[in-house]
Amino acid sequence: MAHSGTDSKTKTKQDEPVLIGKAGDSLREAFGKALVKYADEFPEMVVLDADIAGGTGTHHFQEARPDRFFQFGIAEQNMMATAGGMAGVGLLPVVTTFAVFCLRAIEQARLSIAYSERNVKIVASHPGLDVGPDGGSAQALEDLAAYRAIPTMTVISPCDPLEVELATRAILAFDGPVYMRSGRSPARRILDESYEFEIGKGRILRDGSDVTLIGCGVETARALDAAEILEGEGVSARVVNMSTIKPIDHELVKRCAEETGAIVTAEDHNVYGGLGSAVAEAVAQHAPCPMELVGVQDVFGESGDPEELAEHYGLTGPHIAEAARKVIRRK
Amino acid sequence: MTTDNLETSREFARQIRRDALALLYHAGSGHPGGSLSSADLVAWLWQNELHYRAGEWEREDRNRLVLSKGHCVPIIYAAAGNSGLIDPSEAADLRHIGTRLQGHAHVGDTPWVETSTGSLGQGFSVSIGMAMGLRHRGIGSRVYAIVGDGEMQEGEIWEGAMCAAHHGLDNLTAILDYNKMQSDDLNENIMGIAPIVDKWRSFNWEVQEIDGHDMEQIASAVAKAKEVKGRPQMIVAHTIKGKGVSYMEGVPTWHGSAKIKKDEFITALEELGITNEDMKPYLNGTFWNGQ
């Protein structure tokens, strides 16, 4: 299904774009282009922006479908609640802004979207340390936790441009409020054209028997890096792309816990409340096993290149591999 | 407007005041002051501009009412109960577990409330979204939003004010229930909102100022608002908190969550024209029977 190429500079033929998500595209670019691609299939879909269409990738939609693009200015709370109103009169609003501003407008998402039973899609770019040089004020390390705690809200963090494209179609077709992360930095293409996305399902990208590495977003690629490192040491690591954080795939988590006996989660997010917590909740309920949680350790980020930040805060492949060694010792 | 329309709406206002108080009496908590101050505004809209009747409210081309001051939802339940949208058996359900009449508006099981409100400022934004969405879809309906004065202190209101004017939403009419009081005290002692008319004018809204208990002025302002092209309209309606019940009028403690005692409820019903035997259904929670 997937291969574990570790360097976007050494692309092989199978890295060539199959659909619109090109190797090296950022997730936000893939998202913006996906909106254009699915515009005809979802005629009720409208896109809402708060003065950062260039940042979220929705400028592609703005250029292609200006009549279905609504500008709200730098006023995210009004935009979020307004989306609820639009859905109330039969439209399919896609609200877009940076992840950190989705936190600012979270109470509007809670009351005017989720509690009002409105079919709105919230798509957040610039999540986590991946934001890079803008620094800690712009790096949303809490969004998965916060949105996961809203009843009825589905939470998704795709791992590469192809999955963004597939997930965009899936959330538009899905009836219910969704929070989805895209991403700012160029992303490695790690999935091939046979990949199937389904809301609520994790996918095994690489099988293994000693430990399971579960990633989402940009961390899935780094989990594949870790599996390569571990393979060189004779450790067989399974890699799961858990792009739906809520509802978490209980069945797959249980299977991984039972079959490999140890789990490492990896996310570009605070270790509290996001993917690691969701997996730990499932593990605790179904098949308790040792776990290690890779993520930002309850601190705010700082300015820097995204890759440098990932290294500094312990999110890269070698760190995930180290967590795997640690969790295997605890088996 | 005709004299008949005005008198029908005045009588409807009296009726929904009684029913809202009865709901609150049986609930044991809630917000009577602001429910009563908005009763005349709701009554005119309900009778003349909205289509919230059983078998009719689902019409896609209906005009919408959003009660942004969601804590005053008993006045909407009272109007809905009088339109066959709430079963008589639910008359004493407000704020009780296992029932659909939630303490603040929840659209889920009462879809004709249009949106869930209660966190201030949000209903106003939702009404903007409805107006934008209806226009986008080519549906010529109007959206009415009843907004509170304390609510004007929310930043989201001014985001929305800017947005509705920028997009030229002439299918949106907001009505400020300007009763001058909020939860703890008078607006002016908490966070002054004056000069409120100037504020809305400066945000490029068409603004009218009326007595929000004078049915003729309400009718005239709503009619004039419908004539405005290219701009959203604000009707600043001066009202009295607790209007219609002498001991509640202008008394901040009746803003919210005060339990209405039986003797107080009886006095209120008497002042609203209900006496003797007619009072029984209100006291035993069967006041929508036969509607």
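Trainee: Contact means heavy atoms within 4.5 Å. On that basis, what share of the contacts in chain B between residues at least 6 apart in sequence join residues at least 24 apart?

Mentor: The model is a predicted one. In chain B, 76% of the contacts between residues at least 6 apart in sequence join residues at least 24 apart.

Trainee: And what is the figure for chain A?

Mentor: For chain A, residues 24 or more positions apart account for 78% of the contacts with a separation of 6 or more.

Trainee: Staying with chain A, how many helices and strands are there?

Mentor: Chain A contains 13 helices and 12 strands. Its C-alpha atoms occupy a box of roughly 55 × 40 × 35 Å along the principal axes.

Trainee: How does its radius of gyration sit against a compact globule?

Mentor: It agrees: a compact globule of 331 residues would have a radius of gyration near 20 Å, and chain A has 19 Å. Buried residues make up 63% of chain A.

Trainee: What about helices and strands in chain B?

Mentor: Chain B has 11 helices and 5 strands. Its radius of gyration is 18 Å, close to the 19 Å from the globule rule for 291 residues, so chain B is as compact as a globular protein of that length. The C-alpha trace spans about 55 × 45 × 40 Å along the principal axes, and 60% of the residues count as buried.

Trainee: How much area do the two chains bury between them?

Mentor: Chain A and chain B bury about 2100 Å² between them, and 55% of that is on carbon and sulfur atoms. Asn78(A), Val89(A) and Tyr115(A) contribute 28% of the area that chain A buries against chain B, more than any other three residues. The contact involves 25 residues of chain A and 28 residues of chain B.

Trainee: On to single residues. Where is Cys72(B)?

Mentor: Cys72(B) is in the loop between strand E1 (64-67) and helix H4 (74-81) of chain B. Apart from residues up to four places away in sequence, Cys72(B) touches Gly34(B), Ser35(B) and Leu67(B).

Trainee: Is Cys72(B) buried or exposed?

Mentor: Cys72(B) is buried, because its relative accessible area is 0% and the cut-off for buried is under 20%.

Trainee: And helix H4 of chain B, how many of its residues are buried?

Mentor: In H4(B), 8 of the 8 residues are buried, so the helix is largely enclosed by the rest of the structure. The cover over those buried residues includes helix H1 (3-27), helix H2 (32-37), helix H3 (39-48) and E1 of chain B.

Trainee: Back to chain A. Which strand holds His269(A)?

Mentor: His269(A) lies in strand E11, residues 263-270. With a relative accessibility of 0%, His269(A) counts as buried. Beyond its neighbours within four places in sequence, the contacts of His269(A) include Glu142(A), Asp143(A) and Arg181(A).

Trainee: Which residues are joined by a cis peptide bond in chain A?

Mentor: Lys246(A) and Pro247(A) are, with omega about 0°. Pro247(A) sits in the loop between strand E10 (244-246) and helix H10 (250-260) of chain A. In chain B, the peptide bond from Ala194(B) to Pro195(B) is cis, with omega near -5°. Pro195(B) is in the loop between helix H7 (187-190) and helix H8 (196-202) of that chain.

Trainee: One last topic, backbone angles. What is phi of Asp298(A)?

Mentor: Phi of Asp298(A) is near 55°, which is positive in a residue other than glycine. Asp298(A) is in the loop between strand E12 (291-296) and helix H12 (306-312) of chain A, and at 47% relative accessibility it counts as partly exposed.

Trainee: And what is phi of Asn276(B)?

Mentor: Asn276(B), although not a glycine, has a positive phi of about 50°. Asn276(B) lies in the loop between helix H10 (262-271) and helix H11 (280-284) of chain B. Its relative accessibility is 68%, so Asn276(B) counts as exposed.

Conventions: Residues numbered from 1 in each chain as written. Chains lettered and ligands numbered in written order. Predicted model: local features only at pLDDT ≥ 70, side-chain atom pairs only at ≥ 80, totals over all residues. Heavy atoms only, no water. Helix = DSSP H or I, 4+ residues; strand = E, 2+ residues; numbered from the N terminus. Rg over C-alpha atoms; globule rule 2.2 N^0.38 Å. Buried < 20%, exposed > 50% of the residue type's maximum accessible area, 1.4 Å probe, protein only. Buried area = accessible area lost by both parts, 1.4 Å probe.
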